[in-house]
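The following paragraphs lead the reader through selected features of one protein model. Please keep the sequence and the structure in view while reading.

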Amino acid sequence: MRVELLCTGDELVTGLITDTNSPYLEARLFDLGVKVERVVLVGDVRSDIVQALREAASRADVVVVSGGLGPTADDFTLECAATVAGVELEEDARVLGWLRERYAARGVPMNPSALRMTRIPRGSEPVRNPVGSAPLVVLTLGGCQVFFLPGVPREYRALLDGEVLPRIQQVLESRSARVFRAFRLLRTVALSESELDLAVAPLAATHPRVVFGFRTHAPENHLKLMAEAPSQLEADAALAAAEADSRRVLGARVFGSDTEDYAPVLLGLLSRAGATLAVAESCTGGLISQQLTAVAGASANFVGGAVVYTEKMKSAWVGVPPEVLERHSAVSSQTAVAMAEGVRVACGSTYGLSVTGYAGPGGGTPEDPVGTVYCALAGPNLPTRCERMSFSGDRERVRLFAASHTLEMLRQHLLSAPQS
């Protein structure tokens with residue numbers, strides 16, 4: 001089955017908002033074994049929408065269109081659909097009744113402009129919107145079935161899950177020749193995309209039913225595994241074999257899979273170790289603490305953090321000796337070590353993490369240019385460990401990668417530390 005997505009709206013092509021509907025549908029379709037062939041974004045220009053819709057319907061079995069179904073003057077997607085179909089728009093009594101009920105339930109009079117939503121292409125099928133006003137409209141264009149949905153994500157997802165996907169699944173189940181797919185995303189950090197590619201490249205020949213792909217989502221790099229087979233059982237088995245080999249090759253660089261995020265994984269390791277963590281941050285400015293505290297229940301293992309941006313606060317809050325700062329500077333291995341040890345003592349935590357560096361665009365020295373970062377880990381029965389790293393890019397990229405690599409130092413230690 002060939003599926004294409006068409007998203008309309010000037011806000012999408014001018015960067016005012018990001019299209020979140022398409023990724024949601026792509027993931028849901030993949031669960032059904034369907035890979036989206038194409039996603040097209042079109043502004044609010046009638047001729048462009050007509051052309052894009054005509055082209056998509058000529059290629060695909062199913063086209064899902066979002067946006068342009070509301071009551072305002074720039075909501076003319078269904079007018080364009082009627083043009084492509086060669087039919088007129090006409091008022092639908094069912095849609096009018098649904099709108100009247102909705103406005104009455106809200107206790108407000110129906111605005112005359114709302115009547116625009118009652119006009120749908122002749123011969124199309126309206127489906128009531130359970131969480132909004134504009135209905136889903138289903139129209140056949142040649143051999144293609146086209147679903148027109150509101151662009152509001154809440155309404156889009158409700159109609160997608162309740163109506164569109166069950167219809168697509170019904171069509172799939174009626175077909176004798178069908179490709180089944182299984183998918184896994186392995187998530188890594190501290191490993192470049194090229195290193196990831198090089199590591200798994202030898203596996204492709206031994207797993208002919210699996211496509212190996214890559215995705216960068218800084219600071220992470222992901223390995224995408226997609227298995228295809230004549231049955232779901234065979235696809236699942238092919239995926240499981242490829243995943244096992246990939247994990248063997250990548251080892252501890254894989255921190256999670258699919259929707260697993262880094263911070264919950266790290267906090268889970270701390271929890272299993274019965275350990276707590278405190279952090280002292282300079283160049284990252286609280287970014288590490290922000291990532292950890294975004295997880296509900298983080299306080300069970302994350303006791304606190306200090307943003308010690310100046311030399312004065314490095315001494316006052318986490319006990320960095322002034323002579324260390326004077327002799328070695330605020331960006332040095334000696335200062336990072338003192339920060340990690342100091343915040344651990346100050347907070348009474350099992351582990352202390354620290355990070356200090358030159359995020360740019362100014363600062364740096366010939367020995368430690370902009371992008372240089374020192375991070376340190378202090379813990380029980382453990383010589384304090386410090387690493388020097390060098391990152392390229394702008395200020396935000398340096399800060400992001402500094403936070404990630406600092407946390408990764410702790411994760412790797414927890415994975416290798418003997419369990420009590």
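In H9, the residues Tyr262, Leu266, Leu269, Leu270 and Ala273 meet Ser404, Leu407, Glu408, Leu410, Arg411, Leu414 and Leu415 of H14, where contact means heavy atoms within 4.5 Å. The model is a predicted one, in which local features need pLDDT of at least 70 and side-chain atom pairs count only at pLDDT 80 or more, while totals for chains, interfaces and linings use all residues. Residues are numbered from 1 along each chain as its sequence is written, and side-chain values use heavy atoms, with hydrogens and water left out.

Two packed helices are described by the angle between their axes and the distance between the axes. Helix H9 covers residues 262–273 and helix H14 residues 395–416; they pack at an angle of about 35 degrees, with axes 10 Å apart. Helices (H or I, at least four residues) and strands (E, at least two) are DSSP runs, numbered from the N terminus. The axes are lines fitted to C-alpha atoms, for helices over the stretch in contact, and angles run from 0 to 180 degrees between N-to-C directions. The crossing of H9 and H14 is left-handed, a term that applies if the near helix is turned anticlockwise from the far one by less than a right angle.

The loop between strand E12 (254–257) and H9 contains Asp258. Although Asp258 is not a glycine, its phi is positive, at about 50 degrees. Asp258 counts as partly exposed because its relative accessibility is 27%; buried means under 20% relative accessible area, exposed over 50%, and partly exposed in between (1.4 Å probe, protein chains only). Ser329, also not a glycine, has a positive phi of about 85 degrees. Ser329 is placed in the loop between helix H12 (322–328) and helix H13 (333–347), and its relative accessibility of 26% is why Ser329 counts as partly exposed.

Which peptide bonds to proline are cis? One joins Ala218 and Pro219, with omega about 5 degrees; Pro219 is in the loop between strand E10 (210–217) and strand E11 (220–229). Another runs from Gly360 to Pro361, with omega near 0 degrees, and Pro361 lies in the loop between strand E15 (351–357) and strand E16 (372–379).

Leu41 counts as partly exposed because its relative accessibility is 40%.
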